[in-house]
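Subject: A structure for you to look at

Hi,

Here is the structure I promised to pass on.

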Amino acid sequence: MNYKNYIKIILKYFLIILVYTLIISIFYYFEIFSYKTLRIINYIINILLFGYNGYKIANLEGKKGYLNGFLISLIIVIIFILISLIISKISFSTLIYYLSLISSSITGGIIGVSKKQK
């Protein structure tokens, strides 16, 4: 387990989210998309980013993709939960959302290891 790989992937994730949030905010400000559409887009983008993070870390580590995907997503989800506790309450739907992010990262990790072995 190389901690530098985890830190690099987490920093890249938050940089992408920062730029993405700026772009989505501009779309929302100019009312290009409705709020409901933006929520769906945000969900899909987060699922894809978590899957990519799992894929990337498992590809770098080369074994136990499910565990690497779980660890990278767990770190990010814990950060999200801490921010959510500061800002608002955590609901059941929020927990389901976080579980879907974790499962997409685990799936990405499994795919990353299987691609590496070929």
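**Notes on the loops, helices and buried residues**

Glu31 has its place in the loop between α1 and α2. Helices such as these are DSSP runs of H or I with at least four residues, strands are runs of E with at least two, and both are numbered from the N terminus. Before going further, please keep in mind that this is a predicted model, in which local features need pLDDT of at least 70, side-chain atom pairs count only at pLDDT 80 or more, and totals for chains, interfaces and linings use all residues. Residues are numbered from 1 along each chain as its sequence is written, and side-chain values use heavy atoms, with hydrogens and water left out.

Glu31 is not a glycine, although its phi is positive, at about 55 degrees. Glu31 is also exposed, with a relative accessible area of 69%. For that term, exposed is over 50% relative accessible area, buried is under 20%, and partly exposed lies in between, using a 1.4 Å probe and protein chains only. Lys64 sits in the loop between α2 and α3; Lys64 has a positive phi too, of about 50 degrees, and is not a glycine either.

Now the overall picture. The protein has 4 helices and 0 strands, and its elements run α-α-α-α from the N terminus on. The C-alpha trace spans about 45 × 30 × 20 Å along its principal axes. Of the 118 residues, 31% are buried. Among contacts with a separation of 6 or more, 75% are between residues 24 or more positions apart, where contact means heavy atoms within 4.5 Å.

How do α1 and α2 cross? The axes of helix α1 (residues 3-29) and helix α2 (residues 35-61) come within 11 Å, with a crossing angle of roughly 165 degrees. The two helices are therefore roughly antiparallel, a label for angles over 145 degrees, while under 35 is roughly parallel, 65 to 115 roughly perpendicular and the rest oblique. Axes here are lines fitted to C-alpha atoms, for helices over the stretch in contact, and angles run from 0 to 180 degrees between N-to-C directions. By class, the contact of α1 with α2 has 16 nonpolar, 4 polar and 2 charged residues. Ala, Val, Leu, Ile, Met, Phe, Trp, Tyr, Cys and Pro count as nonpolar, Asp, Glu, Lys and Arg as charged, and the others, Gly among them, as polar.

A few single residues deserve a visit. Asn46 is found in helix α2 and is buried, at a relative accessible area of 12%. What does the side chain of Asn46 join through a polar contact? The partner is the side chain of Tyr97, at 2.8 Å; a polar contact is a pair of N or O atoms within 3.5 Å, where within protein one must be able to donate a hydrogen and the other to accept it, and residues adjacent in sequence count only if both atoms are side-chain atoms. Leaving out residues up to four places away in sequence, Asn46 touches Tyr13, Ile17, Tyr97 and Leu101.

Ser84 belongs to helix α3 (residues 65-87) and is buried, with a relative accessible area of 15%. With residues up to four places away in sequence not counted, Ser84 touches Lys89, Ile90 and Tyr98. Ile26, in helix α1, is partly exposed at 41% relative accessible area.

Happy browsing!
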